[in-house]
Every structure is written in C-alpha cells, then in structure tokens.
Amino acid sequence: MRQRLATTCVLTLLGVQAALAGAPLPAALDTEARAQGSVRVIVRLASAASRAERSAHQDGALASVAASSRGAARRYLHFDAVALRASSRDLQILAASPHVAELLVDELAAPSLDGTGPIVGASATKAAGFSGAGAEIAILDTGVDASHPYLAGRVVDEACFSGNANCPNGQTTQFGAGAGAACTYASVCWHGTHVAGIAASSDLVYQGVAPGAQLASIQIFSMFTGTDCSGTGYDPCALALQSDILAGIDHARTLAATRPLVAANMSFGGGTYCGKSGCDNANAVTKQAIDALLAAGVASVAASGNNYRPDAMAAPGCISSAVGVGAVDDSDHVAVFSNSMYMLDFFAPGVLVRSSIPGGGTLTVNGTSMATPHVAGAFAVLRQASPAASIAALETALKNTGVPVVDTRPLAKSLTRPRIRVDLAVKSLAPAACYDGLDNDGDGRFDYPADPDCYSGLYGTEQFIASGCGVGPELALVLPLLAAARLRVRRRGR
C-alpha cells in the first residue's frame, strides 16, 4: 500500500504529467497487483450527467471483474467513481472498459497532527447568543466519543467506512448509533474526539467555537501495521484509505439533503502539492466529491498539513474548492510545522490546543488538525447569524474580518492570510443593533437575530418597536437607573 506522506512537489508534478500522457493502466499498479495478488484501486469513471447514468457506468465497469471484487466494491452516489480490490486480470478489464477514465492507487492519508476560543472571538459570539445552534458539522476522522461530557447529546449522526473492516461492528461499513465511535486500535484514536471538541465543546473552560452546533461523526480510518506505519511514529497505526475518505464525503453529501450540515471537517492529509492545478489534477475524484458537497451548501474545511513546508500543501486542503487551514500560535506566529502557500485560505490556532479525548479527559497537542476545526466551527456560528447566506458569503465574511498574519519563513515569500475572528465576521453579517452585548428588549437574554424580538431590517438602529431589537444601548443603560430613582421617590412619598 502506498502512503502519500512525504511526496515532493517535483515528484507530484511529474506524476500528473505521466497520468495525462501515459496508458490507462499504470505499470506500478499492475506490478503491485501481480506481486500481492490484488491491489486497492479507485476507478475514475466517465463523466455522468445523472445518478442513473453514473450507476450505469459503475455497473458497466464492474460487469466483468471477479465476482468477489465486484461484490465488495464501494459505489459512490454523488461523484463518478467506484473503489475495489482488483487482481491484475481485473485491472486489465477495467483499463479496457469504455466506462473507465482513469485507474488510481487507493492511497493513504494520516491525521494532521489552554482554550483558544477567546483568541478567535468565539467567547464573544457565544455571549451574544451565537453558538452555532441549528447547524451541524461533520467530523471525518478516527471517530468521536459521543459520551464525553463536552459533547454529550450533540452527536446526532454516525457512520463508519473502514476498508480493513475496523468499524465497531467488525465490518467495512456501519450506520447508526455507535457507528462513529472512537477507534481503539491505535494510540492516535483520540484524534477525532479532540477535533470535535475544538469545533463544538460545550465546556465552560475549554469551550469550542460552536458549542451549540450538532455533530455527525463519520469514522473513516482503518488499522494498519508494519511498513504502512513507517513515518507515523506508532504501530499499529490509524490511516485513512482514499476510498473511505470518498465514502465519508459521499455520506456527508447524503446527510446534507436532510440535515443542516454546513461544514465537513477534514483534519488529515497526504502528499504535498505546490500548485492548485497540480493538486486538482492529481485528486480529480476527491475534487469532484468536494464540489458535490459545496453545491449542497457544505464547506469542506481541510488541514494544510504538518510537513514544515511554507511552499506546499497537503491534499485535500490544497484542492481549489476546499477551505485550506494552516496553524498559528496564540501570538499569531505561523507554526513552524504548518504547511502554507498561496492555496491557503485561513490561519487558526494550532499550537498547544487543549481539547477533549475519549474517556472524558483532555489533551494538549499541536497540529494543523487542531487549527482546522476552529474554521469548521466558525462556519456553524456564521450559519446561525445568516441562515440564508451561501458558503462563499460566509467564507468572505471570515476573510474580510480576520487578523492579517504574515508567514515570515523565507520560502513563504511573506504570504499573508487572515487568522479568523468569528465575532467580527458575525458582526459583519448580523444586524449591528442585535449584537451590542445588551439585553435591549428586556427579555433576560442577549439580543441576537434568533431572538423573537430581535428582527429588523434597520441595521444599526434600536427603535422601540415590536419588530425591532428594543431600546438603544444608551437607553438600555439609563432606563434601569430612572426606574430605580422613581422607586425611591415613591418610597419617600409613603
């Protein structure tokens, strides 16, 4: 099994050129299949104009391969691909099929390894009533401990896709309660719970960016041993097959049809790419999957990677339709381990971040994995502030209000990107009259657009009208003093 953990930009570009000019069956793929008896492969199909046509291409591509391979194949609903374990004979059949556009190695991705809420302004948004309530975030990771006190009652959707049959039920696929539980076979199985806590923890101290958002735990990792774990630092290790990543994205797209999904967090990565076109071409199926999510109103928020590269990024964060996130410390210095380049969209805290881990505890770790859920959580908060806004509009709000951070490493060439300030982004979207931190209408809570008495197209006024936000901030401070003075007068007159 090949692992995209340390690919150079030069090799990546050469690989793209070979794929564009070479035979439909890569020689290395066939050699591996002959040596091992079979190989995992992702089959990019001919483009389909409808789901029915896509299904016909899948049927046509698989029609003549071995029955065992055909029966275990992963089919995708929302993009033109199918994944399976294929023999050399199967590969020859697939390469000759008119339904097949490209054969790709089913490669591996690895996790991109106090409270940061105040730094990004999340404490202010929570105090003003913006907690991400009504929005949902999909966590594509090693699974989430749904019983953790910080997350209890918030994991509302669960699924598992594990090519090595490491789902909780011992199979390759599982849906429903318990399916997205944290894995237990590797020392990094805390990763998904940690990421979920950063996005949505409700703890008063280690509060997530969107403590009112719901979560979908989509477990996409499998257990590997031996050479596949080289470079990870542990064995057995947890790695994600590309076919399972695609299955997770496909499932998130299905959820988006009926659930208020606004972001899919992808704190993992493989390979390094020095340009968007090279990244898009080398990850064409994944881009199609991310495009399908975006068309459904869901942002794919992905880590830039931890390869110490100021001149390259990992996939899927480098894909042009994804939201790529790099890491900074609490003083807004770019983390030395963080990848960045012009494809990067945001910076967020990723140094010494404490969050939840399975079993009810917490852990402090570094990584672009930790930066990414800050942005995913921000999308949930912004969705509450502006329910009808597009993903592009929410992303623009974050970009226009973020703190400019300059990557001063020589190869970064002074790249400047915003470190998110979710509170300022919310203020740019929500009526200013409903975001002054005051209980202007006297109902005992901070005013915000979901407040029944806080709806106004006046944007900036606080007239005392039934459809407005109540009295203005000055009167909100003065009227209680006047009421107290009147009470004192009455008492004196008795």
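**Start with confidence**

Colour the chain by pLDDT, the predictor's confidence in each residue from 0 to 100: the average is 86, and 82% of the residues score at least 70. This is a predicted model, where local features need pLDDT of at least 70, side-chain atom pairs count only at pLDDT 80 or more, and totals for chains, interfaces and linings use all residues. Residues are numbered from 1 along each chain as its sequence is written, and side-chain values use heavy atoms, with hydrogens and water left out.

Now select residues 10-23, where pLDDT stays under 50. The model gives this stretch 8 contacts (heavy atoms within 4.5 Å) beyond four places in sequence. Residues 449-479 are also below 50 in pLDDT, with 62 contacts beyond near neighbours in sequence.

**On to the salt bridges**

There are 15 salt bridges here, each a side-chain nitrogen of Lys or Arg within 4 Å of a carboxyl oxygen of Asp or Glu.

- Pick Asp80 and Arg54: their side chains meet at 2.7 Å, N to O. Buried or exposed? Asp80 is buried, with a relative accessible area of 4%, and Arg54 is buried at 11%. (Buried means under 20% relative accessible area, exposed over 50%, partly exposed in between, using a 1.4 Å probe and protein chains only.)
- Next, show Arg74 and Asp244, a salt bridge at 3.0 Å, N to O. Both residues are buried.
- Then go to Asp407 and Arg409, whose closest N and O atoms are 2.7 Å apart in their salt bridge. Asp407 and Arg409 are both buried.
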